[in-house]
Every structure is written in C-alpha cells, then in structure tokens.
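Work through these exercises with the model open beside you. Try each task before reading its solution.

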Amino acid sequence: MPQFHMKDQYGQSYSDGSVKGKPVVLMGCFLRDLELCRKQGRKLYWKMQNLLWKDSSKVHFLLYLDFRETNKLVEDYLEESKTKQYESILLDRKGNLSLGLNKGESYLRIFNKSGKMISSSYQEEMNEDLIQEIYGILKKEL
C-alpha cells in the first residue's frame, strides 16, 4: 500500500497506517474528474454495502482526488459542501497518491489486509460486471 496521510473535506485524517488490518478499496481521480469519481465511488460503495451486508464494516472504501491544482473556486465549493451529506473524499494536496492517475478515468486498486495490492484497473464507468468482480475479490479476503 502506498504511504499517505491526508484529510477529507470534513477535516477527518486518514493514513496508510489507519487502514491497515482490513482490505482497502482505493479509488482516485484528478480534480477535473471529480464528478466521474464521485459517481463511480458512490455506486461502488452503496452496491458493496448491500452485497457485503454484515461484512461491509470489515472493508475500507477510500476515494481521493489529486488536489494539487486547486483554486479559490474549488476551495469555496469544498467549504460550501461541508454542510451537505456527501461521502468522504480524501484531498491529496501533496500528490502522495497521484502516481498512476489518468485523465477521464478513475484509478481503482484493492489491497489485502496486509497492504499488498491484489487488483488494479482504470475505469471510465462502474458497471454491474465490475461490481461483481470487486465483490468476489473482497469476499475472498474476508
């Protein structure tokens, strides 16, 4: 698992050390792909909550944005969104997890309990076949 330490839009801190011991689904995007990432992340997260049911708390789902190229407009939007009930998005202000990101795609990685990467792919959309594939990977890890 890559090393990282960052906060989400609500100020909650996350790090590679805080998620060890559970499988981790890590999805990232460039800032300009915020809506793509949010849409895919939301669909994957809620589908996994239903599929994994009682085991859903045994998996960390982390969505992050490469936030190095932010501007005042984006920062104002972020401040405004704190009052809404959006899913947590980690803000990679230092580019710790930017390696491997592609424009127009989400970078989806799955790590096992010990932090070893067991799946890596790029996605333009989150379809049912992919969700079932991710579910199968996670069930084997639980």
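**Exercise 1. Describe how helix H1 packs on helix H3.**

Solution. 
1. Locate the elements. H1 covers residues 34-52 and H3 covers residues 128-141. Helices here are DSSP runs of H or I with at least four residues, strands are runs of E with at least two, and both are numbered from the N terminus.
2. Take the geometry. Two packed helices are described by the angle between their axes and the distance between the axes. For H1 and H3 the angle is about 50 degrees and the axes are 10 Å apart. Axes are lines fitted to C-alpha atoms, for helices over the stretch in contact, and angles run from 0 to 180 degrees between N-to-C directions.
3. Classify the angle. H1 is therefore oblique to H3. The cut-offs: under 35 degrees is roughly parallel, over 145 roughly antiparallel, 65 to 115 roughly perpendicular, and the rest oblique.
4. Assign the hand. H1 and H3 cross in a right-handed way. A crossing is right-handed if the near helix is turned clockwise from the far one by less than a right angle, and left-handed if anticlockwise.
5. List the contact residues. H1 supplies Lys 43, Leu 44, Lys 47, Met 48, Leu 51 and Leu 52. H3 supplies Glu 128, Ile 131, Gln 132, Ile 134, Tyr 135, Leu 138 and Lys 139. Contact means heavy atoms within 4.5 Å.
6. Sort them. The H1-H3 contact has eight nonpolar, one polar and four charged residues. Ala, Val, Leu, Ile, Met, Phe, Trp, Tyr, Cys and Pro count as nonpolar, Asp, Glu, Lys and Arg as charged, and the others, Gly among them, as polar.

A note on the source: this is a predicted model, where local features need pLDDT of at least 70 and side-chain atom pairs count only at pLDDT 80 or more, while totals for chains, interfaces and linings use all residues. Residues are numbered from 1 along each chain as its sequence is written, and side-chain values use heavy atoms, with hydrogens and water left out.

**Exercise 2. Examine Lys 47 and Gln 132, one from each helix. Are they buried, partly exposed or exposed?**

Solution. 
1. Start with Lys 47 in H1. Its relative accessibility is 31%, so Lys 47 is partly exposed. Buried means under 20% relative accessible area, exposed over 50%, and partly exposed in between (1.4 Å probe, protein chains only).
2. Check its partners. Not counting residues up to four places away in sequence, Lys 47 touches Glu 128 and Ile 131.
3. Move to Gln 132 in H3. At 41% relative accessibility, Gln 132 also counts as partly exposed.
4. Compare sequence with space. Lys 47 and Gln 132 are 85 residues apart in sequence, yet their C-alpha atoms are 9.4 Å apart. For Gln 132 and Leu 44, the figures are 88 residues and 10.0 Å.

**Exercise 3. How many disulfides does the structure hold, and which residues form a disulfide?**

Solution. 
1. Count. There is one disulfide.
2. Identify the pair. Cys 29 and Cys 37 are linked, with sulfur atoms 2.3 Å apart. The criterion is a pair of cysteine sulfur atoms within 2.5 Å.
3. Read the hand. The Cys 29-Cys 37 link is right-handed, with 90 degrees about the S-S bond.
4. Check burial. Cys 29 and Cys 37 are both buried.

**Exercise 4. Trace the surroundings of Gly 28 and Glu 105.**

Solution. 
1. With 0% relative accessibility, Gly 28 is buried.
2. List its contacts. Beyond four places in sequence, Gly 28 meets Cys 37, Tyr 64, Leu 101, Glu 105, Ser 106 and Tyr 107.
3. At 18% relative accessibility, Glu 105 is buried.
4. Connect the two. Glu 105 and Gly 28 are 77 residues apart along the chain, with 8.7 Å between their C-alpha atoms. Beyond four places in sequence, contacts of Glu 105 include Gly 28, Cys 29, Asp 33 and Leu 36.

**Exercise 5. Is Trp 53 buried or exposed?**

Solution. 
1. Find Trp 53 in the loop between H1 and strand S4 (60-66).
2. Apply the cut-off. Its relative accessibility is 61%, so Trp 53 is exposed.
3. Inspect the backbone. Trp 53 has a positive phi of about 50 degrees, although it is not a glycine.
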